[in-house]
Amino acid sequence: MYCHVCGTKSSPGDSTCRKCRTKLLDPSSTEEQIWAETAVGLETGTGNTDHSLSRQQQPAPQSHKGPGQAFSWIIPLLLAALMGALLTYYYNQESGVNAEVQSLHQQAEKAALDGKYAEALQLLDTAIAKRPNYDALKQDRQITAKASNLMNQLDEAAVSLKTGKLSAGDKTIQAVTKELKEREEPVFGKVRAALNNRKVTLSVLKVKKEIDGLTTVEALAEKLDTVSKLKGNEAQAVQKQIIDKLAGISYKQAEQQVKKKDFTAALQTVDQGLSYAPEDDKLTAYRERVLSEKKAFEKAEAERIQLAEQQAAEEDLKNRTAAVSVVNVDAALDNYGDLYISGSIINNATRPISSVTIMVDIYGTDGTYLGQTYVDVYPSWLEVGEEGFFETYYYGVYEEAQVSVVNATWYLE
């Protein structure tokens with residue numbers, strides 16, 4: 001440091017000047033020393049004045065300063081300090097407004113990204129009132145207002161869909177879709193999500209309106225495939241409605257097939273319904289019933305076939321061995337000694353017969369065998385239960401005789 005009296009540079013650690021032996025001042029207390037010395041000088045000056053007035057012949061030192069000169073440099077300092085304080089206050093005040101506006105801007109941005117557009121607009125309006133020339137605020141408010149408007153349109157579309165006005169809702173959804181194609185800002189994220197939800201709702205309601213008129217498993221299955229690609233609670237509700245209706249149609253269709261004893265088709269119908277509604281208890285229980293009835297029917301059918309085959313065998317045997325039964329047979333000797341033989345038969349078969357031939361044995365009154373003859377029955381075609389007739393002569397008997405039918409042949413038709 002330097003001595004404040006002689007200006008000699010002293011070594012570090014010295015407390016007095018080596019040249020003039022004056023006590024050195026700590027640089028950190030310079031300002032205090034200046035104010036202290038000023039105060040001391042003022043006091044000394046007052047004492048010296050009295051002293052100078054008593055020694056008028058002694059001239060005043062040239063370095064002495066009066067009170068007016070001492071305060072002349074303080075006023076500018078005070079003015080500068082006041083101006084600095086005012087500038088500091090103004091700066092701090094404006095910095096606080098900027099910080100508040102920035103906070104409002106950030107809050108508005110977060111609210112807008114969360115889809116709280118009304119809250120975001122209110123925050124932006126407050127910020128713009130504080131900084132009306134801040135272009136970024138105005139631009140963000142314009143974008144947020146656009147997003148809010150589109151969201152309001154989607155809310156209107158939701159009301160239209162809820163009240164069954166599908167055409168009006170569809171028109172609004174299409175308009176919002178067109179406008180969103182030109183917007184890429186993140187603030188429209190919630191609008192896009194709401195738009196997708198409205199589209200799903202519209203698709204679901206369209207399908208729901210259509211399924212009321214569908215009455216076949218195939219048609220319902222097609223709509224089920226359409227709805228299964230959609231997401232959301234509404235889509236799931238309609239999907240369940242389709243499945244329930246599909247199961248009901250399968251049940252009724254299977255019932256009709258069971259009544260017709262078409263158990264194979266009934267099982268196919270039930271299985272098809274269960275492929276779409278595997279948890280349907282009614283359809284599952286009915287499948288067991290179809291299987292039970294099918295088994296009972298097949299058993300009865302087997303017994304019926306067996307009986308039918310037995311009856312057919314018996315019938316065939318009868319048709320082949322006992323199709324013809326003789327109603328009556330007579331023999332009369334004419335004037336020429338010839339024996340006139342006649343009679344009738346009945347077709348006892350279960351089918352028509354034709355070309356019936358009767359074999360007749362002839363015996364004398366004493367039982368002597370006289371001979372045998374064949375005779376054809378007319379008409380040649382006999383329906384079931386129809387009577388046929390036969391007549392012939394056996395020549396050269398010359399005596400009364402007895403006749404009997406011993407055999408018959410025929411063809412089954």
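Visitor: Which helix holds Leu86?
Guide: This is a predicted model. Leu86 counts as partly exposed, at 49% relative accessibility. The helix that holds Leu86 spans residues 74–113 and is H3.

Visitor: How many helices and strands does the chain have?
Guide: The chain has 413 residues, and 30% of them are buried. It exposes about 27100 Å², with 53% of that from carbon and sulfur atoms. The count is 11 helices and seven strands.

Visitor: What share of the contacts with a separation of 6 or more comes from residues 24 or more positions apart?
Guide: Contact here means heavy atoms within 4.5 Å. Residues 24 or more positions apart supply a share of 59%.

Visitor: What distance separates the C-alpha atoms of Ala136 and His105?
Guide: Ala136 belongs to helix H5, residues 135–162. Ala136 is partly exposed, with 26% relative accessibility. Along the chain, Ala136 and His105 are 31 residues apart. Their C-alpha atoms are separated by 9.3 Å.

Visitor: Which residue meets Lys110 in a salt bridge?
Guide: A search of the whole structure gives 12 salt bridges. Lys110 is exposed, at 55% relative accessibility. The bridge has an N to O distance of 3.2 Å. The partner of Lys110 is Asp114.

Visitor: Which helices are linked by the salt bridge of Asp271 and Arg287?
Guide: The closest N and O atoms of Asp271 and Arg287 are 2.5 Å apart. The two residues are 16 residues apart, and the pair links distant parts of the chain. Asp271 is partly exposed at 32%, and Arg287 is partly exposed at 25%. The helices are H10 for Asp271 and H11 for Arg287.

Visitor: Over the ring of which residue does the charged end of Lys282 sit?
Guide: A charge over a ring must be within 6 Å of the ring centre. The charged end of Lys282 is 4.4 Å from the centre. The ring belongs to Tyr251.

Visitor: Is the aromatic pair of Tyr378 and Phe389 stacked, edge-to-face or tilted?
Guide: The count of aromatic pairs is six. Tyr378 and Phe389 form one, 6.1 Å centre to centre, with 40° between the planes. Planes under 30 degrees apart count as stacked and over 60 as edge-to-face, so this pair is tilted.

Visitor: Which parts of the chain does the pair of Tyr378 and Phe389 tie together?
Guide: Tyr378 is partly exposed at 43%, and Phe389 is partly exposed at 36%. The two sit 11 residues apart in sequence. The parts are the loop between E4 and E5, for Tyr378, and strand E6, for Phe389.

Visitor: Is the peptide bond from Tyr378 to Pro379 cis or trans?
Guide: Pro379 is in the loop between E4 and E5. Most peptide bonds are trans. With omega near -5°, the bond from Tyr378 to Pro379 is cis.

Visitor: Which residues make up the aromatic cluster that includes Tyr393?
Guide: Tyr393 and Tyr395 are a stacked pair, 6.0 Å centre to centre, with 20° between the planes. Tyr393 is partly exposed at 38%, whereas Tyr395 is exposed at 58%. The cluster consists of Tyr340, Tyr393 and Tyr395.

Visitor: What is the phi of Tyr398?
Guide: Most residues other than glycine have a negative phi. Tyr398 has a positive value. This residue is exposed, at 63% relative accessibility, in the loop between E6 and strand E7. The phi of Tyr398 is near 60°.

Visitor: Is Ser342 buried or exposed?
Guide: Ser342 is in strand E2, residues 339–347. Among the residues it touches are Asn328, Phe390 and Glu391. Its relative accessible area is 18%, and under 20% means Ser342 is buried.

Definitions and conventions:
Residues numbered from 1 in each chain as written. Predicted model: local features only at pLDDT ≥ 70, side-chain atom pairs only at ≥ 80, totals over all residues. Heavy atoms only, no water. Phe/Tyr/Trp six-rings, centres within 6.5 Å; stacked < 30°, edge-to-face > 60°. Helix = DSSP H or I, 4+ residues; strand = E, 2+ residues; numbered from the N terminus. Buried < 20%, exposed > 50% of the residue type's maximum accessible area, 1.4 Å probe, protein only. Lys NZ or Arg CZ within 6 Å of the ring centre and 35° of its normal. Areas by Shrake-Rupley, 256 points an atom, 1.4 Å probe, with all protein chains shown as cover. Salt bridge = Lys/Arg side-chain N within 4 Å of Asp/Glu carboxyl O. Lists of a residue's contacts leave out its neighbours within four places in sequence.
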